[in-house]
Amino acid sequence: FLLCINYEGFYFIIGIFMPVDLQKVQELIGCVFKDENILKNALAHASAREEVLPSNERMEFFGDSIIGMAVSEYLYQTLPQFEEGPLSVIKSVVVSRVSLASIAKELGLEPHIIIGKGMLQQNAIPDSVLCNVFESVVAAIYLDAGMDKAKEFVLRYLVQKINEVLE
């Protein structure tokens with residue numbers, strides 16, 4: 001679909017948008033949203049920004065903190081023999097851009113990201129965008145269902161990454 005805006009009799013093409021199957025995304029992530037608009041906002045990259053659909057940048061910021069807290073709490077509680085330094089190293093690897101992007105790919109989020117026409121011209125969605133969408137989805141889960149559900153979601157994928165780092 002082309003998104004066009006009529007301004008004083010002139011039509012401006014803002015971007016190309018594909019409809020997002022929010023039911024499918026909810027199946028992929030294993031979470032049912034009470035407010036699907038929160039999930040839709042989490043999937044909207046800045047390149048597709050418009051007034052009625054803000055980008056996911058604020059949610060990305062928030063999700064990053066939620067992920068960091070969930071992983072830090074898990075590491076603190078499950079690895080009492082480790083001091084701050086090693087815990088920080090483990091956390092930095094587990095919550096890295098590469099790690100979170102790989103989870104977004106594993107979940108199958110890539111075709112559901114709402115992007116603008118500039119991003120559509122690229123061969124693949126960059127890892128930075130995939131990472132940001134994962135962080136945004138975490139924030140969306142928190143905003144819709146609370147911290148316990150957000151932590152459960154984060155740890156469902158990151159405990160395996162923690163175990164890989166510890167091996």
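**View A. Tyr142, a partly exposed aromatic residue of the predicted model.** In this predicted model, Tyr142 has a relative accessible area of 29% and is therefore partly exposed, since that class lies between the buried limit of under 20% and the exposed limit of over 50%. Phe62, shown with it, is likewise assigned to the partly exposed class, its relative accessible area being 29%.

**View B. The aromatic pair of Phe62 and Tyr142****.** The count of aromatic pairs comes to 3. In the pair shown here, the ring centres of Phe62 and Tyr142 lie 5.1 Å apart and the ring planes stand at 90 degrees, so the arrangement is edge-to-face, the cut-off for that label being over 60 degrees.

**View C. The aromatic cluster of Phe134, Phe153 and Tyr157****.** These three residues, Phe134, Phe153 and Tyr157, form one cluster; of them, Phe134 of H7 and Phe153 of H8 also take part in the contact between the two helices.

**View D. The packing of H7 with H8****.** The axes of H7 and helix H8 (residues 147-166) come within 7 Å and cross at roughly 150 degrees, which means that H7 runs roughly antiparallel to H8. On the H7 side the contact involves Phe134, Val137, Val138, Ile141, Tyr142 and Ala145, while H8 contributes Met147, Lys149, Ala150, Phe153 and Val154. By residue class, the contact of H7 with H8 comprises 10 nonpolar residues, no polar ones and 1 charged residue.

Terms used
Residues are numbered from 1 along each chain as its sequence is written. This is a predicted model: local features need pLDDT of at least 70, side-chain atom pairs count only at pLDDT 80 or more; totals for chains, interfaces and linings use all residues. Side-chain values use heavy atoms; hydrogens and water are left out. Rings of Phe, Tyr and Trp (its six-membered ring) pair if their centres lie within 6.5 Å; planes under 30 degrees apart count as stacked, over 60 as edge-to-face and the rest as tilted. Buried means under 20% relative accessible area, exposed over 50%, partly exposed in between (1.4 Å probe, protein chains only). Axes are lines fitted to C-alpha atoms, for helices over the stretch in contact, and angles run from 0 to 180 degrees between N-to-C directions. Helices (H or I, at least four residues) and strands (E, at least two) are DSSP runs, numbered from the N terminus. Angles under 35 degrees count as roughly parallel, over 145 as roughly antiparallel, 65 to 115 as roughly perpendicular and the rest as oblique. Contact means heavy atoms within 4.5 Å. Ala, Val, Leu, Ile, Met, Phe, Trp, Tyr, Cys and Pro count as nonpolar, Asp, Glu, Lys and Arg as charged, and the others, Gly among them, as polar.
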